[in-house]
Amino acid sequence: MATTQHGGEGGHKLRRDLGLVGLLFAGVGSLIGSGWLFGALKAAKLAGPAALLSWAIAAVMILFIGLCFAELGTMFPISGGVVRFPHIAFGSFASYVMGWITWLAAVSIPPVEVEAVLQYSTGYIQSLGLPAMMTPNQLEPGADPVYTLTGFGTIIAVILMAVFVLINYYGVKYFARINNALVWWKLLVIVVVIAAFLYFGFKLGHFSGNFTRYGFMPGGWEGVFTAIATAGIAFSFIGFRQGIELAGESKNPKRNVPIAVIGCVLICGVIYVLLQIAFVGVVQPGDLAKAGGWEHLSFANDFGPLAAIATILGLGWLAIILYIDAVVSPGDTGLIYNTVTARISYAMGQNGNAPQSLTKVSKRGVPVVSLLVTFVVGLIFFLPFPSWQSLVSLVTSATVLSFGSGPIVLAVLRRRAPGFPRPFKLAGGDIIPFLAFFSANMIVFWAGWDTNWKLFLMLLLGLILLPIFIATSKRKLPPLDFKAGAWVIPWLVLLAVISYLGDYGGGLKVLSLGWGALAMFVVSLGIYIFAIRSGLSPVRVEREIENARSEAAEEETAIGAE
C-alpha cells in the first residue's frame, strides 16, 4: 500500500516561519479583499438595510465552519489541511473530489482579486476596462453595468499575477513580512472609511427614513439570503481558511491556529456590520428616490461605489485613499491565495491523487511547481470570467462547498480516533458540526442555479479526469477507497437537484424559501449520518493519522536543524 509521502520531492520541506500575528493576519488580510469594496452596495441592492442581517448571519455560519476546522487544524498542523483532512477520514476518492473543487475555488481567487483592482482603477485609467450590460438571467437586479477587462487590462492583469508568483517564490517568511504590513494598512483604511462615513455623512434620519419609506427588508428574506451568497458577503469571509492551509508553516500551530481562525472571522464580522450601517446611513434619500428604491441604487462612476460616495460627501481625500486601497486590499488577498493555492496542490500531490511533481519544493521551502501551475490556470479564468461580478458567486459556491467536508471529517474522527489528542476541542458534540455542514449547503443553495450548474459541471470534469490520472500515473497510488467516500456522490447530486428546483437564480421555483430550506435540512442530516457510518476503518484512520503525524514531526526536526 502506498502511503503519504513526507516532505517535498527533491528532499526540501516547507518551512515554519509564521508566528501568531502572521497566521492571524494571513486570515484577516484574506478576508479584507475586494468583497468589502463592492459588497456594501451590492448587498443593499438585494436586501436593502436588512443587508446588516446578511453580514451577521454569514459571520455566524462561517464561524460554525471555522470552529470545526480549528479543531482539525490543531490535531494535524500540516499544509493544505482542507484537502488533507478528508484523506485521513475517507481515503483517496473523497479527498480527490474535495481537493479538486477546493483547488478550483482557490486558484480562481487571485484572478477575481486582480479584476477588482483593475475595476476600481478604471476610474483613473479608463483603458483598463469597459462597461458591459448584464444579461437578463444574471442575479444582479436591474441592468447595471459590469466592468470587463479590455485587451490592455488583460495584459496588466497577467503582470499582476506574475508579481504574486515572484513574491511567493522568495518564501513564506518574506510573504508574511509583506502581508503583515499590508494588513495593517487595510485595517486602517476600512476603519477610517467607517469613521468618515459616520462623522461626515451619516444621518439617523437617513438611516431610519430610508427603510421607513422603502422598507427594511424590501427583498424579503430571499434577498437577505441571496445577498450572502452572491453580493460578495460569504466571499468576504472565506479567507478564514488560511489559518488551516498554512498551519504546517506556523511556529506554534496548537495555539496559533484556533486564534487565527476564530479571530479573523470575529474581527472582520464586526468591521463589515459597521461598514454596512455606515453605508445605509450615508445614502441620500434623493438618490434612493431617483433610483426608485434600493434595487436600482447606483452612483456616478460606481465602478468604485465607496469612492463614489466619498466624492459625493466632498471627501476627495478619502476617495483617493480608497482608490489606493483598491489596489492594496484585493492585491494582498490575491497574493495570499496564490500562496495558499500552491499549498493545496502540494497537499493533493502528497495525498497521491495528483501528480507527484506538484510536491517539488525549492531550497527556499516553496512548492515551486504548484506555484507555477497556480499562475497558469489562474490566467485561464480571465477568459470566461472577465469581470469581478461574473466570477465571485462561482468562487463563493465552490469554496463553501469545499468547506462542507470539514465538519463531517471532524464527526468521523471523533468516532474513529476518540483518544487522539485535541489541543482545541469544540464543545457540544455533533451540534456545531452539523450546523456547519447545513450552513455550507444552504450558502450553495442561495447562490442559485445560474451559478451552481457551472460548479457541478466543473465537478463532473474532475470526476472524468480521475480515471485518466489513475491510468497514466507512473507511481504506485494509494487505494481509491470508493466505498468509504461514496457519500460524496449523493451529497453532490442532491445539492444539484435542490438547487435546480429552488427559488434562487434561475431555478424552477418548485421549492420556495421555506421548503427549500427544509429539503436541504433533511438532505444535510441524511448525508451527515451516511458519511459518519462510512469512512475508513479505525485501523486505516490510525494509519493515516500516523502518516500525518510523521510528516509534521519531520518538519519539526528540519526546523530545529535550521
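These legends walk you through a few close-up views of a predicted model.

**Before you start.** Residues are numbered from 1 along each chain as its sequence is written, and side-chain values use heavy atoms, with hydrogens and water left out. Since this is a predicted model, local features need pLDDT of at least 70 and side-chain atom pairs count only at pLDDT 80 or more, while totals for chains, interfaces and linings use all residues.

**View 1. The whole protein, for orientation.** You'll find 23 helices and 2 strands here; these are DSSP runs numbered from the N terminus, helices being H or I with at least four residues and strands E with at least two. Of the 562 residues, 63% count as buried, meaning under 20% relative accessible area with a 1.4 Å probe and protein chains only. Look at contacts with a separation of 6 or more, and 85% of them come from residues 24 or more positions apart (contact means heavy atoms within 4.5 Å).

**View 2. Helix α1, mostly covered.** This helix takes in residues 20-31, and 10 of its 12 residues are buried. Among them are Gly-22, Leu-23, Leu-24 and Phe-25.

**View 3. Where helix α7 meets helix α15.** The axes of α7 (residues 151-169) and α15 (residues 316-351) come within 9 Å and cross at roughly 60 degrees. Axes here are lines fitted to C-alpha atoms, for helices over the stretch in contact, and angles run from 0 to 180 degrees between N-to-C directions. That makes α7 oblique to α15, the label left once under 35 degrees is roughly parallel, over 145 roughly antiparallel and 65 to 115 roughly perpendicular. From α7 come Phe-164, Val-165, Ile-167 and Asn-168, and from α15 come Gly-331, Gly-334, Leu-335, Asn-338 and Thr-339. Sorted by class, the contact has 4 nonpolar, 5 polar and no charged residues (Ala, Val, Leu, Ile, Met, Phe, Trp, Tyr, Cys and Pro count as nonpolar, Asp, Glu, Lys and Arg as charged, and the others, Gly among them, as polar).

**View 4. Helix α19 against helix α22.** Helices α19 (residues 431-447) and α22 (residues 513-533) pack at an angle of about 135 degrees, with axes 10 Å apart. That makes α19 oblique to α22. The α19 side of the contact includes Phe-434, Phe-437, Phe-438 and Phe-445, while α22 brings residues including Met-520, Phe-521 and Tyr-528. By class, this contact has 12 nonpolar, 3 polar and no charged residues.

Key
Expected span 1.5 Å × (residues − 1). Buried < 20%, exposed > 50% of the residue type's maximum accessible area, 1.4 Å probe, protein only.
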